[in-house]
Amino acid sequence: VQLQASGGGLVQAGGSLRLSCAASGNIFRANDMGWYRQAPGKQRERVAVITSGGNTNYADSVKGRFTISRDNAKNAVHLQMNSLKPEDTAVYYCNADLQVTRWTRSLNYWGQGTLVTVSS
């Protein structure tokens, strides 16, 4: 089981990017899925989380600008980022609680990071 993230890049302030992350392998159920980020010299922080039922939670710094969504059929999570600011520059990581069989508990997985750079 692994998470594969894509969609990072370089964008000017005010622009938009869409990050995607898909879980592959034998997966019975994807529970909470989310995005975290880590800027240079800073700790990793939670950006947004979405439950299997579609409930969302956002960091205050991205509320109103970022939207998290998921495709349960594809075990994928997306992050639409609008009105990007230079302070959004970071490596973004997807994260998911994945259950591989109905008899096992969820385990937490991290995807590889994808770099988002916002120029001023």
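Mentor: Start with charges. Lys and Arg count as positive, Asp and Glu as negative, while His and the chain ends are left out. Keep in mind throughout that this is a predicted model.

Trainee: How many positive and negative charges does the protein chain have, and how far apart are their mean positions?

Mentor: There are 13 positive and 7 negative charges. Their mean positions lie 5 Å apart.

Trainee: Next, the fold. How many helices and strands are in the secondary structure?

Mentor: Zero helices and eleven strands. Read from the N terminus, the order of elements is β-β-β-β-β-β-β-β-β-β-β.

Trainee: What radius of gyration would a compact globule have with 120 residues, and what does the protein chain have?

Mentor: The general idea is to compare the chain with a rule based on its number of residues. For 120 residues, a compact globule would come out near 14 Å. The protein chain has 14 Å, so the two agree.

Trainee: What share of contacts joins residues at least 24 apart?

Mentor: Take contacts between residues at least 6 apart in sequence. Of these, 55% join residues at least 24 apart.

Trainee: How much of the protein chain is buried?

Mentor: You need the cut-offs here. Buried means under 20% relative accessible area, exposed means over 50%, and partly exposed is in between. By that rule, 41% of the 120 residues are buried. As for the surface, the protein chain exposes about 6,500 Å². Carbon and sulfur atoms supply 46% of that area.

Trainee: Which residues have the most contacts inside the largest nonpolar core?

Mentor: A nonpolar core groups buried residues of set types, joined through side-chain atoms within 4.5 Å. The largest one here has 32 residues. W35, L79, M81 and Y92 have the most contacts inside it. Eight strands each supply at least two residues: β1 (2-6), β3 (17-24), β4 (29-38), β5 (45-50), β7 (66-71), β8 (76-81), β9 (90-99) and β11 (114-119). β9 gives the most, with five residues.

Trainee: Now single residues. Where is A30, and is it buried or exposed?

Mentor: A30 sits in strand β4. Its relative accessibility is 7%, so A30 counts as buried. Beyond its neighbours within four places in sequence, A30 contacts S52, R70, N75, D97 and L98. Look at the pair A30 and N75. They are 45 residues apart in sequence, yet 6.2 Å apart in space, C-alpha to C-alpha.

Trainee: What phi does N75 have?

Mentor: A positive one, about 50 degrees, although N75 is not a glycine. N75 belongs to the loop between β7 and β8.

Trainee: Where does S83 lie?

Mentor: In the loop between β8 and β9. S83 also has a positive phi of about 50 degrees and is not a glycine. With a relative accessible area of 40%, S83 is partly exposed.

Trainee: Back to strand β4. Which residues does N31 touch?

Mentor: Setting aside residues up to four places away in sequence, N31 touches I50, T51, S52, R70, D97, Q99 and S106. N31 is in strand β4. Its relative accessible area is 19%, so N31 is buried. In sequence, N31 and L98 are 67 residues apart. In space, their C-alpha atoms are 6.0 Å apart.

Trainee: Where is Y58 found, and with which residues is it in contact?

Mentor: Y58 is in strand β6 (residues 56-58). Leaving out neighbours within four places in sequence, its contacts are V47, A48, K63, F66, T67 and I68. Y58 has 19% relative accessibility, so it counts as buried. Y58 and W35 are 23 residues apart in sequence and 9.7 Å apart in space, C-alpha to C-alpha.

Trainee: One last residue. Is R46 buried or partly exposed?

Mentor: Partly exposed, because its relative accessibility is 44%. R46 lies in strand β5. R46 touches W35, Y36, N57 and A59, not counting residues up to four places away in sequence. R46 and S61 are 15 residues apart in sequence and 10 Å apart in space, C-alpha to C-alpha.

Key. Residues numbered from 1 in each chain as written. Predicted model: local features only at pLDDT ≥ 70, side-chain atom pairs only at ≥ 80, totals over all residues. Heavy atoms only, no water. Buried < 20%, exposed > 50% of the residue type's maximum accessible area, 1.4 Å probe, protein only. Helix = DSSP H or I, 4+ residues; strand = E, 2+ residues; numbered from the N terminus. Rg over C-alpha atoms; globule rule 2.2 N^0.38 Å. Contact = heavy atoms within 4.5 Å. Areas by Shrake-Rupley, 256 points an atom, 1.4 Å probe, with all protein chains shown as cover. Charge placed at Lys NZ, Arg CZ, Asp CG, Glu CD.
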